[in-house]
Amino acid sequence: MTPAATDVRPAILITGATGGVGMALCRHLNRRFRVIALGRDANALAELAASLPGVEVHCLDLAGGEIASDIASLMEQCGDVGYLINNAGFNRPAPVDADIEAVLRRSLEVNAIAPAMLMAAVLPGMRRRGFGRIVNITSGAPLNCFAGHAAYSASKAALNALTVTAAREHQDVDIKINLMSPGPVRSKMAPEAPMAPEVCLPTLDHLLDLPADGASGRFFWLGHEIPLTPSLDGIDWLAGTAPAGFARLWPEADESSGLDSNGADVSSSDRECR
Ligand SMILES: NC(=O)c1ccc[n+]([C@@H]2O[C@H](COP(=O)([O-])OP(=O)(O)OC[C@H]3O[C@@H](n4cnc5c(N)ncnc54)[C@H](OP(=O)(O)O)[C@@H]3O)[C@@H](O)[C@H]2O)c1
């Protein structure tokens with residue numbers, strides 16, 4: 001009999017379970033969930049399983065060529081999954097003008113494509129059951145764009161866009177899909193960071209326990225909501241117009257006089273060419 005058949009706790013799938021944040025998540029969530037922990041290092045997974053009885057471990061390389069069939073076979077073994085945390089991450093510095101291609105491809109695979117495929121694997125079941133909570137672990141990097149980390153920032157920006165879009169596609173059902181950055185926490189990726197991974201747990205609990213009218217498609221960090229975009233209120237994308245608060249590259253034409261604010265004639269047909 002599979003663990004799924006005997007364990008009545010809700011199932012939560014956690015990637016990157018052998019990392020700093022992932023292990024903290026598994027330890028914390030093992031109390032109330034059937035934790036399905038994913039990693040790519042079989043020895044580290046065996047240690048995790050030994051230290052946390054009840055946690056199910058699965059070895060799967062999120063950047064591997066077999067990712068689609070690996071996820072399909074994982075889903076067959078898991079049963080219903082109501083909660084997903086896309087936590088695995090890859091961060092290797094690479095300047096844009098040197099060796100970016102391989103690092104960017106791998107960053108996209110681990111940080112964006114695999115999370116998207118896992119969302120695609122669990123969302124149909126969540127929709128059928130009318131409930132789901134997904135937390136995609138992002139970073140401040142796509143907002144800060146630190147020099148030297150373009151591949152990481154770009155891949156997390158892709159994850160951000162995937163998350164917001166998926167949330168909008170599931171507005172009609174009690175499925176909440178949000179982003180969370182754990183904070184500057186010590187892990188293999190960030191050994192010198194000032195905080196322990198556990199600092200992210202209250203924010204994570206909040207996102208897993210959101211009510212039906214709770215947030216979706218938003219970004220949270222250490223108890224704060226971080227805006228993903230500046231306010232876009234008033235922009236008419238089809239008309240090509242934006243309110244006065246948006247800086248302009250050149251003065252707006254004065255339609256009544258036919259002159260722009262520099263006095264140039266914009267009444268003739270050459271206005272069409274601007
Ligand atoms: N630490 C921070 O300050 C910080 C800040 C902002 C965001 N984050 C994000 O937090 C998340 C967790 O990172 P962390 O700090 O805990 O770093 P970590 O200790 O390096 O953990 C990363 C995890 O991702 C796994 N992983 C990497 N590539 C993989 C692949 N190809 N297939 C499967 N698993 C793979 C790693 O597996 P292995 O154990 O086999 O390497 C590890 O379990 C990441 O998404 C990261 O971007 C961290």
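**Entry 1: β2 and its neighbours**

I looked up Ile-36 and found that it stands opposite Glu-56 in strand β3 (residues 56-59). I am working with a predicted model here. β2 and β3 pair in the parallel sense, and I noted 4 bridges for them. Next I followed the chain from β2 to β3: it crosses through helix α3 (residues 42-51), and this β-α-β crossover is right-handed.

Then I turned to strand β1 (residues 11-14), which pairs with β2 in the parallel sense over 4 bridges. Here Ile-14 has Ala-37 of β2 as its bridge partner. Between β1 and β2 the chain passes through helix α2 (residues 20-29), and this β-α-β crossover is right-handed.

Is β2 mostly covered or exposed? I checked residues 34-39: 6 of the 6 residues of β2 are buried, so I wrote down "mostly covered". I also sorted the side chains by direction. Arg-34, Ile-36 and Leu-38 point one way, while Val-35, Ala-37 and Gly-39 point the other way, and all of them are buried.

How many residues of β6 are buried? I found 7 of the 7, so β6 is largely enclosed by the rest of the structure. On one side I have Ile-175, Ile-177, Leu-179 and Ser-181, and on the other Lys-176, Asn-178 and Met-180; both faces are covered.

I then looked for the partners of β6. β5 pairs with β6 in the parallel sense over 6 bridges, and the bridge partner of Arg-133 in β6 is Lys-176. β7 also pairs with β6 in the parallel sense, over 3 bridges. In that pairing I found Ser-181 opposite Trp-221 in β7.

**Entry 2: helix α7**

At 1.5 Å a residue, its 20 residues should span 28 Å, and its end C-alpha atoms are 28 Å apart, which agrees.

Which residues of α7 are buried? My list has Ala-150, Ala-151, Tyr-152, Ser-153, Ala-154, Ser-155, Lys-156, Leu-159, Asn-160, Thr-163, Ala-166 and Ala-167.

**Entry 3: around the ligand**

Which residues come nearest to the ligand? Of the 30 residues around the ligand, I noted Gly-16, Gly-19, Gly-89, Ser-187 and Met-189 as the nearest. Sorted by type, the shell divides into 14 nonpolar, 12 polar and 4 charged residues.

**Entry 4: the whole protein**

Finally I stepped back. I count 8 helices and 10 strands in the protein. Its C-alpha trace spans about 80 × 45 × 35 Å along the principal axes. Of the 274 residues, 34% are buried. I also looked at contacts between residues at least 6 apart in sequence, and 58% of these join residues at least 24 apart.

Terms used: Residues are numbered from 1 along each chain as its sequence is written. This is a predicted model: local features need pLDDT of at least 70, side-chain atom pairs count only at pLDDT 80 or more; totals for chains, interfaces and linings use all residues. Helices (H or I, at least four residues) and strands (E, at least two) are DSSP runs, numbered from the N terminus. The expected span of a helix is 1.5 Å times one less than its number of residues. A residue is buried if 20 or more other C-beta atoms lie within 10 Å of its own, exposed if 12 or fewer, and partly exposed in between; C-beta atoms are placed from the backbone. Two strands pair if DSSP finds at least two bridges between them. A crossover is right-handed if, with the strands pointing away from the viewer, the path from the first strand over the helix to the second runs clockwise. A residue is near a molecule or strand if its C-beta atom, placed from the backbone, lies within 6 Å of it. Ala, Val, Leu, Ile, Met, Phe, Trp, Tyr, Cys and Pro count as nonpolar, Asp, Glu, Lys and Arg as charged, and the others, Gly among them, as polar. Two residues are in contact if their C-beta atoms, placed from the backbone, lie within 7 Å.
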